Amino acid sequence: MYQYSRAIYLETRDFISAPSPDQQLQAQRRVLNACERLVGRLAEDPQYVADPARSLFTEIRSYFSINDQARIYAIIQRYVAAAARLLEEEAQRKASEESARCQAQTRKGTPCRRKPLPGRTLCPSHEHLASIVAV
Ligand SMILES: [Zn+2]
């Protein structure tokens, strides 16, 4: 996930405006930290941050000149959206893995409720039916 905070930082750091080189360095560090904190929070719980792009922008906007702020916000939005998409895809993949059920029926004729083996459609108890089902 931290490729996203890095990317935001790398694209925005040249726009950071501070009165002295020392302050410039400090501002860069703060921007990087803010980016990493946000991405960390997103990865932990995507629902936790209501508007992650705006939240990060609000936190770091003071390090940029007024003229660059629209550009900075656009960069943040782009990468935060990409990070959110990745998290959403991961969540969906996990959910579909968890909801997968064995395709066989029990002796009573009800659907088997056990989990299939990874990459299979049958659970360990019904795995022996795979050759029959495949025919
Ligand atoms: Zn089964």
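1. Confidence. pLDDT is the predictor's confidence in each residue, from 0 to 100. The model is predicted. The protein chain averages a pLDDT of 90. A score of at least 70 is reached by 98% of the residues. Among the elements, helix H3 (residues 52-60) has the highest mean pLDDT, 96. Helix H5 (residues 130-134) has the lowest, 67.

2. Domains. The protein chain is divided into two parts: domain 1 covers 2-99 and domain 2 covers 101-135. How far apart do the C-alpha centres of domain 1 and domain 2 lie? The distance is 45 Å.

3. H1 against H4. Helix H1 (residues 2-12) packs on helix H4 (residues 69-99) at an angle of about 165 degrees. Their axes are 9 Å apart. Angles over 145 degrees count as roughly antiparallel, so H1 is roughly antiparallel to H4. The crossing of H1 past H4 is right-handed. On the H1 side, the contact is made by Tyr4, Ala7, Ile8, Glu11 and Thr12. H4 contributes Ile72, Ile75, Ile76, Tyr79, Ala82 and Ala83. By class, the H1 and H4 contact residues are nine nonpolar, one polar and one charged.

4. H3 against H4. The angle between H3 and H4 is about 140 degrees, and their axes are 9 Å apart. Is H3 oblique or roughly antiparallel to H4? The roughly antiparallel class needs an angle over 145 degrees, so H3 counts as oblique to H4. H3 also passes H4 in a right-handed crossing. Pro52, Ala53, Leu56 and Phe57 of H3 make the contact with Ile72, Tyr73, Ile76, Gln77 and Val80 of H4. Eight of these residues are nonpolar, one is polar and none is charged. Ile72 and Ile76 of H4 are listed in this contact and also in the contact with H1.

5. H2 against H4. Helix H2 (residues 21-44) and H4 pack at an angle of about 20 degrees. Their axes are 10 Å apart. Angles under 35 degrees count as roughly parallel, so H2 is roughly parallel to H4. The crossing is right-handed. Val39, Leu42 and Ala43 of H2 meet Ala83, Ala84 and Leu87 of H4. What classes do the residues of the contact of H2 with H4 fall into? There are six nonpolar, no polar and no charged residues. Ala83 of H4 takes part here and also in the contact with H1.

6. Reading the helices together. H4 packs with H1, with H3 and with H2. A charged residue is counted in the contact of H1 with H4.

Key. Residues numbered from 1 in each chain as written. Predicted model: local features only at pLDDT ≥ 70, side-chain atom pairs only at ≥ 80, totals over all residues. Axes fitted to C-alpha atoms, helices over the stretch in contact; angles between N-to-C directions. Helix = DSSP H or I, 4+ residues; strand = E, 2+ residues; numbered from the N terminus. Parallel < 35°, antiparallel > 145°, perpendicular 65-115°, else oblique. Left-handed = near helix turned anticlockwise from the far one by under 90°. Contact = placed C-beta atoms within 7 Å. Nonpolar A, V, L, I, M, F, W, Y, C, P; charged D, E, K, R; others polar. Domains from an automatic or database assignment.
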